[in-house]
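Here are some notes to read alongside the model. They take the contact between two chains and then the surroundings of a ligand.

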Amino acid sequence: MDRRDFLKRTITIIAGAAIPASALEFIDPKRLLAAGSSDYKWVFLADTQKCVGCGFCVKACKLENEVPYDADVSRTWVERYVICKDGKMRVENGMPNPGFGINADSPKAGRDGFTTPQIDIGEGRHVEVKEEDISKAFFVPKLCNQCDNPPCVQVCPVGATYKTADGVVLVDRSWCIGCGYCIMGCPYGVRFFHPLLKVAEKCNFCYHRITKGMKTACVQSCPFGARQIGNLKDPNDPVTRTIMYGRVGVLKSEYGTKPQVYYLALDREVR
Amino acid sequence: MMEVHGEVWTLKEFFCYPNEYIYWSIQIVMYPFMTGLVAGAFVLSSLYHVFGVKQLKNIARFSLVFSFALLPVAMMPLMLHLQQPLRGIHVMMTPHFTSAIAAFGIVFSTYGMIVASELWFVYRPHFVATALELKGTSDRGLVDTCRYLLFSALTLGSYDISEQALEKDEKAVGFLAGIGIPVACFLHGYAGFIFGSVKANALWMTPLMPVIFICSAVVSGIALCIITYIVTMEIRKFLSRRMSTLGLPSYEELQSAEIEEVKLTSRYLVMFLIAAITLELLDLIFRGYTAVKSWDILREVIYQKDFYKIFVMQYGMGNLLPFILFKLPGLTVRRAALGACLMLFGVFMMRWNVVIGGQAFSSSFAGFMEYALPIIPHNLETVKEGLVGAVAVIITPYVLFYFINKVMPVFKFKGSH
Ligand code: SF4
Ligand code: SF4
């Protein structure tokens with residue numbers, strides 16, 4: 001063996017040894033533990049009083065996250081509520097429904113705004129509420145709550161849905177088997193199957209953007225500042241300050257999901 | 001326009017969230033229905049093997065083989081349901097145990113192994129006899145050679161069929177049937193847990209769900225065994241009349257054996273039916289009495305939207321009517337067959353009303369969804385999750401039974417069990 005060969009082989013051996021060594025380092029438990037903590041904890045703040053139902057956020061979201069534009073699913077959506085003075089829902093003939101219900105809709109997920117007083121009640125039918133009957137009407141933006149105790153993560157049989165250290169719930173598109181259990185498990189109706197990818201899909205606070213210091217597409221596109229994203233671990237973040245010192249509500253706290261989307265001026269009628 | 005999964009068969013009314021559709025469709029109705037049949041058939045066979053109900057001898061062997069034929073079919077609806085069927089195996093590779101579905105593979109294969117080994121012990125003498133007989137034949141054709149290879153493989157090299165050996169077999173069968181009962185109940189109670197633990201669904205979430213599922217599973221399993229047993233017996237009676245020279249049991253013998261077994265089995269059927277109904281009614285009353293937030297919409301679904309499906313089809317036609325049929329004095333084979341068919345239908349409707357009924361209202365509690373079963377398919381999705389897929393799932397166990405029966409004959413063989 002000449003020197004040249006010797007050197008060659010030594011390098012190969014070192015390189016070969018380095019691979020398993022680095023693999024070992026990769027699964028070092030201390031580093032895994034470190035992955036469990038983060039300087040970030042993403043939260044969302046929606047001000048229903050500022051939302052005018054223009055639907056720009058839905059448009060932006062669909063384009064940014066490549067959810068087919070015309071498909072009747074969306075990662076985020078805007079709901080319109082029309083509450084009557086007698087607290088009853090109006091049905092097709094304009095009469096109040098004695099039993100239960102509420103007048104609300106979100107046609108095309110609110111993508112094109114709400115340009116008509118006609119309320120969508122499904123299958124192409126509409127109902128119009130008499131103006132003198134209305135006590136209040138408002139819009140509510142919705143998105144994934146990135147729950148702190150997410151049932152969708154709990155029920156996924158293969159662990160394809162998981163929660164990151166910075167508080168966002170993600171879906172591994174390469175591992176999801178498409179059973180739909182997470183869709184059933186989410187009390188907020190946030191999840192759906194991606195029409196092209198055929199895997200579970202939902203809002204992830206534009207994870208690819210926020211981790212690069214950008215705002216989410218919906219926050220960026222809202223002309224009225226109704227949507228804000230913040231870092232709960234930063235005490236000076238304006239969103240954090242509002243959540244800490246202001247009066248905020250969350251949706252469906254009775255499910256124990258600990259939602260991380262906070263609302264200002266959340267009406268009791270919001271579903 | 002781009003079609004979203006579930007959109008074709010979902011009709012929405014009033015306020016539903018935009019992403020809500022009937023995501024769990026007919027195949028998820030079939031899944032608990034089929035596992036229920038598996039579990040029920042097995043429990044029936046165990047009544048003979050474990051509790052020594054001697055009169056059930058024939059039907060016990062039959063239901064054991066049939067439950068084996070049903071076993072692979074319990075997987076089928078799941079595969080037809082998955083959006084990524086090729087990734088189904090991930091459940092075994094990376095099970096995520098906080099999920100109620102994750103243990104499915106483990107529970108299912110444990111149960112499968114128990115049924116397979118029990119069958120082996122029951123049929124071992126038959127395997128040995130057939131293998132030896134074929135061995136003795138001097139010039140075997142191709143078919144017989146294959147059969148010889150198959151049967152000698154099936155003996156697993158154990159040719160001892162002495163008195164003591166058979167006694168040991170019998171013990172093993174009893175033991176396997178014994179542990180099989182809790183595992184079968186677990187397999188199916190577990191299907192109930194998959195639904196009962198979904199806190200987001202107001203109709204599903206109840207701790208009674210697993211128990212209700214087990215009781216109705218046993219009902220459906222026994223009902224199916226009765227029907228299939230009657231059908232096969234009718235065929236045999238027909239044959240014995242046609243070819244009385246073949247040494248088959250006589251027509252009268254078959255006739256009296258048949259009605260005896262059916263009568264006894266139907267007694268168990270009615271028992272489990274009463275248990276199932278009691279629990280279901282308890283659940284309903286409890287919901288109405290406590291009337292939590294979701295009751296407004298649930299009441300609307302149960303008493304208005306799904307009234308016909310729940311009270312007429314499930315409770316009326318599927319439970320009450322067959323109950324009367326079985327309880328009227330002088331039970332005949334024909335009436336028992338009709339009653340069993342109706343019960344099977346009742347259990348199917350129960351599954352439907354749970355799975356589809358649970359999605360009949362929006363999580364907003366302010367809107368309804370209706371499932372329109374795709375009958376004539378126009379794409380792969382409507383084949384899999386439509387009438388065609390459901391019928392395929394129903395037919396498969398019979399096809400399998402036909403082939404399994406070739407190897408493990410349910411009727412012709414005379415063994416110690
Ligand atoms: S809102 Fe739904 S999808 Fe989002 S984390 Fe909570 S349970 Fe999961
Ligand atoms: S659909 Fe995908 S992400 Fe959702 S529970 Fe099933 S495997 Fe998990």
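1. In this predicted model, chain A and chain B bury about 4600 Å² between them. Carbon and sulfur atoms give 62% of that area. On the side of chain A, 17% of the area buried against chain B is supplied by Phe100(A), Tyr181(A) and Met184(A), more than any other three residues.

2. How many residues does each chain bring to the contact? Chain A brings 63 residues and chain B brings 51 residues.

3. The rule finds two salt bridges across the interface of chain A and chain B. One of them joins Arg125(A) to Glu13(B), with the closest N and O atoms 3.7 Å apart. That distance counts because the cut-off for a salt bridge is 4 Å.

4. Polar contacts also cross the interface of chain A and chain B: 29 residue pairs are found, both residues being at pLDDT 80 or more. The side of chain A that touches chain B draws two or more residues from each of these elements of chain A: strand 2 (77–84), strand 3 (103–105), helix 4 (151–155), helix 5 (181–185) and strand 9 (192–193). By class, this side of chain A has 36 nonpolar, 13 polar and 14 charged residues.

How values were computed:
Residues numbered from 1 in each chain as written. Chains lettered and ligands numbered in written order. Predicted model: local features only at pLDDT ≥ 70, side-chain atom pairs only at ≥ 80, totals over all residues. Heavy atoms only, no water. Contact = heavy atoms within 4.5 Å. Buried area = accessible area lost by both parts, 1.4 Å probe. Salt bridge = Lys/Arg side-chain N within 4 Å of Asp/Glu carboxyl O. Polar contact = N/O pair within 3.5 Å; in protein donor to acceptor, adjacent residues only side chain to side chain. Helix = DSSP H or I, 4+ residues; strand = E, 2+ residues; numbered from the N terminus. Nonpolar A, V, L, I, M, F, W, Y, C, P; charged D, E, K, R; others polar.
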